[in-house]
Amino acid sequence: MKTDRKLSLNTLAIHGGQTPDPYSGAVMTPIYQTSTYVQPELGKPKLAGYEYARTKNPTRTAFEACVASLECEGDGLGYGAAFASGCAAQTTVMHLLEPGDHVVVSDDVYGGTFRMFDKVFQAAGKGIQFTYVDMTNLEAYEAAFRPNTKLVWIETPTNPMLKVIDLERTIAIAKKKNALALVDNTFMSPIFQRPFRFGADIVIHSVTKFLNGHSDVVCGVAVVKEKALAEKIYFLQKSLGAISGPMDSWLAMRGLKTLPLRMERHDQNGRIIAQKLSEHQEIAKVIYPGLKSHPQHALAAKQMSGFGGMITFVVKGGLEKAKTVVKSTQLFALAESLGGVESLIEHPAIMTHASVPAENRKALGIDDGLIRISVGVEAVEDLWEDLSLALAR
Ligand code: P1T
């Protein structure tokens, strides 16, 4: 798309990074299912950079530019790099660090992120150090820094406890300490939260979730604003090779086109279901940033423009009741993952966060009665009927 006008995110989700195909005029970017490109002259590819498809692929490039346009709020702004999964994006970004470097991480992160840090990057030989801290406690957060802290890893809202971390203040402290600030924006998407506004250096996503939105792709992305940092990430992307393939990039780009519409409905449904759950007699606690009872509700309302479709709640009756509920829903599928058009339900202690040691889970409040739901975009009355029938079992 060629325009110098400032476009809204609703428009960028559809047009960002995309131009009609120069070969055929196809309005939709084709799936360039190729591993390599012919060189009309030795050492001179037809299009600069397109020598081999691990380094660059036009479908992936369009998708990367579209995500960057959303996070950076303008077509042609920022730099995106797409990977084979959210974990592949994380692995690649972690290679910016060197042995001996230290990372401050939110204490509540996706179980697979914790496992990667704990079992891979901290393991003997890799030598990266991590401190996990409750970032809602700014004093504890600042105290966690060391002279060798190079990176701050912020997930907000956190998975699965939905703690909301103050982006403005935590990123300002990271800057003061000369550490890069990374935000995992998977739960909110750029539609509801744009970490670059608060000075983040790197934004990552599990594209598998809301960005793609249809539970048919595993993909990840890292976005940066600075050219020098982008060059480092593109170098790591081609060197480590964990890229997103053309088919997945195309599907994810198609998913992006409806991201604003989907997020609006996830948010509407999420608010209604969270309210109804909080009034239900079988429920001990509901955690949803949109509820006034959420400890960071005011902050959430300030730094996010929606509350989204992720809800965590605790049933009265512990593990047995939780098992009954997750097995009894018919519309909410019992499955890991989140962010698709269809609703999902899961038990973090047994499923997504099983790799977090039991004592850490206990300290975080990930107890046996805790259930996480990803509220989809179905009719909310059908979703509530499904949940209330399961809760009555
Ligand atoms: O699954 P993958 O695309 O590799 O993304 C990893 C990841 C990164 N960051 C966050 C916040 C995530 O939630 C995830 C993946 N999470 C799940 C699969 C889950 O059910 O929570």
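How many salt bridges are counted between domain 1 and domain 2? The count is zero, where a salt bridge is a side-chain nitrogen of Lys or Arg within 4 Å of a carboxyl oxygen of Asp or Glu.

## About this model

Welcome to the structure. This is a predicted model, in which local features need pLDDT of at least 70 and side-chain atom pairs count only at pLDDT 80 or more, while totals for chains, interfaces and linings use all residues. Residues are numbered from 1 along each chain as its sequence is written, and side-chain values use heavy atoms, with hydrogens and water left out.

To the contact, domain 1 brings 43 residues and domain 2 brings 42 residues, with contact meaning heavy atoms within 4.5 Å.

The size of an interface is often given as the accessible area lost when the parts come together. Here about 3300 Å² is buried between domain 1 and domain 2, and carbon and sulfur atoms give 65% of that area. Buried area is the accessible area (1.4 Å probe) that two parts lose on being put together, summed over both. Of the area that domain 1 buries against domain 2, M161, F192 and F210 supply 24%, more than any other three residues. Between domain 1 and domain 2 there are also 18 residue pairs in polar contact, both residues at pLDDT 80 or more. A polar contact is a pair of N or O atoms within 3.5 Å; within protein, one must be able to donate a hydrogen and the other to accept it, and residues adjacent in sequence count only if both atoms are side-chain atoms.

On the side of domain 1 that touches domain 2, at least two residues each come from α1 (9-15), α4 (111-121), α6, α7 (189-192) and α9 (246-257). Helices (H or I, at least four residues) and strands (E, at least two) are DSSP runs, numbered from the N terminus.

## Salt bridges

Side chains of opposite charge can pair when their charged atoms come close. The structure as a whole holds 14 salt bridges. One of them joins the side chains of D101 and K150, at 3.3 Å from N to O. These two residues link distant parts of the chain: D101 sits in the loop between α3 (86-94) and β2 (102-106), K150 in strand β4 (residues 149-155), and they are 49 residues apart. D101 counts as buried at 9% relative accessibility, whereas K150 is partly exposed at 37%. Buried means under 20% relative accessible area, exposed over 50%, and partly exposed in between (1.4 Å probe, protein chains only).

Another salt bridge brings K176 and E142 together at 2.8 Å, N to O. This pair also links distant parts of the chain, with K176 in helix α6 (residues 167-176) and E142 in helix α5 (residues 138-143), 34 residues apart. K176 is exposed, with 58% relative accessibility, and E142 is partly exposed, with 26%. D118 and K119 form a salt bridge too, their closest N and O atoms being 3.2 Å apart. Finally, a network of salt bridges links E73, R194 and R197.

## A covered strand

Is strand β12 (residues 370-374) mostly covered or mostly uncovered? β12 is mostly covered, with five of its five residues buried. In a regular strand the side chains alternate between the two faces of the sheet. In β12, L370, R372 and S374 point one way and I371 and I373 the other way.

Two strands pair if DSSP finds at least two bridges between them. Strand β9 (residues 310-315) runs antiparallel to β12 and is joined to it by five bridges, with V314 having L370 as its bridge partner. Strand β11 (residues 344-346) pairs with β12 in the antiparallel sense over three bridges, and there L344 stands opposite S374.

## Two buried residues

H353 lies in the loop between β11 and α13 (358-364) and is buried, at 0% relative accessibility. The H353 side chain reaches the backbone oxygen of N159 at 2.9 Å. Not counting residues up to four places away in sequence, H353 touches several residues, including Y110, P160, R361 and R372.

A322 has its place in helix α12 (residues 318-328) and is also buried, with a relative accessible area of 0%. Leaving aside neighbours within four places in sequence, A322 is in contact with V315, H347, D368, G369 and I371.
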